[in-house]
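Let's take a walk through this structure together, one region at a time. Have the sequence and the 3D view side by side as you read.

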Amino acid sequence: MVNDVLSSIPVYLLMAINAPKWVIKGIDKIRRGFLWAGKASASGGACWVAWPRVCSPKEYGGLGFPDLERMGLALRSRWLWQQRTSPEKPWQGLSIPVSQKERNLVSLSLVCSVGDGNSVLFWEDCWLQGASIRLLAPAVWAAVPGRLRGKRTVSEALHDRRWIRDISLALGMQAILEYFKLWELLRSVQLSDKPDKLSWRWENSGQYSSHSAYRVLFLGRTQF
């Protein structure tokens, strides 16, 4: 009942908004109560296993109950995936309910094959030798305003080397070294007339799934 009913009720809420922590705690209190005591709440002595362990996948030693905060993050990342891959969606161009956490998740999860460069984000996506510029040249990346990082495509950035003009802050020695490294890497980039290809790193099909997005948020834990 806890998994099939109580854990399913907030799915649409979590997909639409980043629920405050007090909301998550309130739902967890009810789930914990029904699991351990069969009622709306349970005292600490009745809880046999720590709640974070309960809400871990079974392969990580948990009971497989969904972690609502992670589940919400995984569900909302779908908005960014569809924003990038489904231009026909009627809500394209409108604000979507995502934070920097969702953006970071999707940025690390996308595998980009550059064609015409019109869909791949120059500063954020993993497109240059399989990595993002944020990883290859973090000091240079930090010198670019966030509003430009989130919208500058590869095609735009390479045209007349516009990426250089995106850098608005003074560069220190480390950033200058990264700048020259980036310059050399970009010299070999050639665009084509084929559309860019975006795929989801965590699925063999290359298509986003909330299941894989949720699972990747547990990477780094010890498996059993």
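This is a predicted model: local features need pLDDT of at least 70, side-chain atom pairs count only at pLDDT 80 or more; totals for chains, interfaces and linings use all residues.

Is Leu 177 buried or exposed? With a relative accessible area of 52%, Leu 177 is exposed, because the word applies to values over 50%. Leu 177 also belongs to a nonpolar surface patch of about 420 Å², which it makes with Met 173, Ile 176 and Phe 180.

Now follow the chain past the helix. Val 189 lies in the loop between α12 and β4, the latter covering 197-200. Setting aside neighbours within four places in sequence, you will find Val 189 in contact with Trp 127, Leu 128 and Leu 158.

Next, step back to the whole chain. The domain assignment gives domain 1 as 1-74 + 213-217 and domain 2 as 97-210. Taken over C-alpha atoms, the centres of domain 1 and domain 2 are 35 Å apart.

How do the two meet? In domain 1, 9 residues are in contact with 9 residues of domain 2. Between them the domains bury about 770 Å², with 61% of that on carbon and sulfur atoms. On the domain 1 side, Leu 73, Ala 213 and Val 216 supply 59% of the area buried against domain 2, more than any other three residues. As for salt bridges between domain 1 and domain 2, the count is 0.

Notes:
Residues are numbered from 1 along each chain as its sequence is written. Side-chain values use heavy atoms; hydrogens and water are left out. Patches are made of residues with over 30% relative accessible area and no salt bridge: like charges are joined within 9 Å, nonpolar side chains (Val, Leu, Ile, Met, Phe, Trp, Tyr) within 5 Å. Accessible areas come from the Shrake-Rupley method with a 1.4 Å probe; for residues, only the protein chains shown count as cover. A salt bridge is a side-chain nitrogen of Lys or Arg within 4 Å of a carboxyl oxygen of Asp or Glu. Buried means under 20% relative accessible area, exposed over 50%, partly exposed in between (1.4 Å probe, protein chains only). Domain bounds come from an automatic or database domain assignment. Contact means heavy atoms within 4.5 Å. Buried area is the accessible area (1.4 Å probe) that two parts lose on being put together, summed over both. Helices (H or I, at least four residues) and strands (E, at least two) are DSSP runs, numbered from the N terminus.
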